[in-house]
Amino acid sequence: MAARKGRRRTCETGEPMEAESCDPGSESPSQVYLPGKGPPLGEGEELVMDEEAYVLYHRAQTGAPCLSFDIVRDHLGDNRTELPLTLFLCAGTQAESAQSNRLMMLRMHNLHGTRPPPSEGSDDEEEEDEEDEEERKPQLDLAMVPHYGGINRVRVSWLGEEPVVGVWSEKGQVEVFALRRLLQVVDDPQALAIFLRDEQAHVKPIFSFAGHMGEGFALDWSPRVPGRLVTGDCQKNIHLWTPSDGGSWHVDQRPFVGHTRSVEDLQWSPTEDTVFASCSADASIRIWDIRAAPGKACMLTTATAHDGDVNVISWSRREPFLLSGGDDGTLKVWDLRQFKSGSPVATFKQHMAPVTSVEWHPQDSGVFAASGADNQITQWDLAVERDPEAGEAEADPGLAALPQQLLFVHQGETDLKELHWHPQCPGVLISTALSGFTVFRTISV
């Protein structure tokens with residue numbers, strides 16, 4: 001975040017942020033800044049990021065904002081911690097006019113870590129620093145194809161060796177695009193130039209389904225059965241896609257019946273081939289089994305999971321937990337072994353506006369992240385308990401009121417929409433917002 005000169009103030013729990021004094025004679029100590037807790041920023045005050053709270057921090061713009069994106073698993077290896085990093089993302093735009101939208105493959109590379117503060121040195125050292133700075137500049141390559149209509153959600157999957165993306169758009173269709181060519185050209189400048197000149201205008205979906213009779217947002221590929229997909233719409237209907245021979249799909253025209261309002265999100269079970277979860281603007285979360293007829297497939301329901309719309313859910317890959325976020329700003333953890341009780345095993349209220357995205361950490365079973373319309377990204381760890389001997393709470397009463405499981409509060413984005421942990425780069429979070437993409441790793445995870 002950019003700093004403006006003003007009185008010194010810092011930001012938050014895990015991410016100290018500071019503003020510098022414009023009065024050479026004033027020395028006010030740094031303070032933790034917590035959104036919604038304590039006095040608001042005064043005139044001449046602005047938050048500034050403390051880079052020591054981040055291992056990695058980069059921002060990127062793509063022109064029109066992206067409402068949704070997904071990470072493309074690559075062949076560069078798992079558990080990558082060595083910097084600089086290279087990442088591949090697939091995203092869709094929400095442009096002002098329908099014909100201006102694009103489906104994009106992004107290659108972010110040369111992503112170095114945050115640097116320690118410069119030390120005083122000679123002119124030679126300054127020149128070396130400038131050369132080093134040039135070499136450390138992050139790079140972004142884009143391969144785009146035209147898409148008529150704003151893109152509500154994108155989700156990537158691999159069908160064997162073939163990467164594909166499911167795209168929900170405002171025109172009321174769900175389309176599947178092949179990604180192999182986009183992945184090839186975004187990694188090769190010469191091939192990318194040829195693609196943009198000769199090929200991009202001719203890229204079409206390999207399959208399209210218009211049976212939803214309206215637009216939607218909910219979309220998830222099965223992690224266990226390649227090509228199996230569920231899609232949900234704003235008309236309360238959910239449809240099952242089954243892959244068929246020849247790279248096509250059979251979409252069951254009979255919707256899963258149960259929700260009474262818009263289906264907001266869908267998540268397949270990571271352990272059972274036939275089970276998925278849904279959440280809705282009707283405030284409920286439901287668990288389904290596709291072995292039953294669509295009208296009888298709802299096996300478990302929590303009717304009032306949140307006070308209002310349930311916007312997003314995430315099914316833990318390592319524990320029998322479902323995480324949900326709602327318009328009420330709360331985050332709830334549900335133990336699926338106790339789901340019938342209708343009571344979550346944990347509830348957290350840090351966000352002051354609707355929660356827009358939630359996701360469990362792919363490796364650490366107790367850690368998750370969430371984003372909200374209050375422009376906060378929060379990181380949590382269910383295993384954390386406050387040290388009673390720590391003096392932090394005594395030094396700042398505001399910290400004592402925080403949930404002890406809250407690790408970090410990241411700010412500085414505008415109109416946050418979606419976040420994902422990178423499955424191959426431990427601790428790396430990527431978010432999309434009206435202000436663009438952010439890639440970061442905190443010292444807390």
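Is N110 buried or exposed, and what is its relative accessible area?

1. N110 is buried, with a relative accessible area of 19%; buried denotes under 20%, exposed over 50% and partly exposed the range in between, with a 1.4 Å probe and protein chains only. The residue belongs to strand β4 and has a positive phi of about 60° although it is not a glycine. Strands (E, at least two residues) and helices (H or I, at least four) are DSSP runs numbered from the N terminus.

2. On provenance, this is a predicted model, in which local features need pLDDT of at least 70 and side-chain atom pairs count only at pLDDT 80 or more, whereas totals for chains, interfaces and linings use all residues. Residues are numbered from 1 along each chain as its sequence is written, and side-chain values use heavy atoms, with hydrogens and water left out.

3. N375 sits in the loop between β23 (367-372) and β24 (377-381) and is partly exposed, at 26% relative accessible area.

4. The peptide bond from L83 to P84 is cis, with omega near 5°. P84 is placed in the loop between β2 (66-71) and β3.

5. The largest nonpolar core comprises 21 residues, and L103, M105 and V165 have the most contacts inside it. Such a core is a set of buried Ala, Val, Leu, Ile, Met, Phe, Trp, Tyr and Cys residues joined through side-chain atoms within 4.5 Å. Elements giving two or more residues to this core include β3 (85-93), β4 (102-111), α2 (180-185) and α3 (189-199). Apart from it lies another core, of 18 residues, including A60, F69, C425 and F437.

6. Beyond its neighbours within four places in sequence, M105 is in contact (heavy atoms within 4.5 Å) with residues including V72, L89, L142, L182 and V186.

7. In helix α3, A191, L192 and F195 are buried. Seen down the axis of α3, its buried residues fall within an arc of 100°, so they line one face of the helix; the arc is that of the directions from the helix axis to the C-beta atoms. Their cover includes β5 and α2, while P189, Q190 and R197 are exposed on the other side of α3.

8. Residues 303-337 are 0% helix and 51% strand, with end C-alpha atoms 17 Å apart. For residues 348-382 the values are 0% helix, 54% strand and 11 Å.
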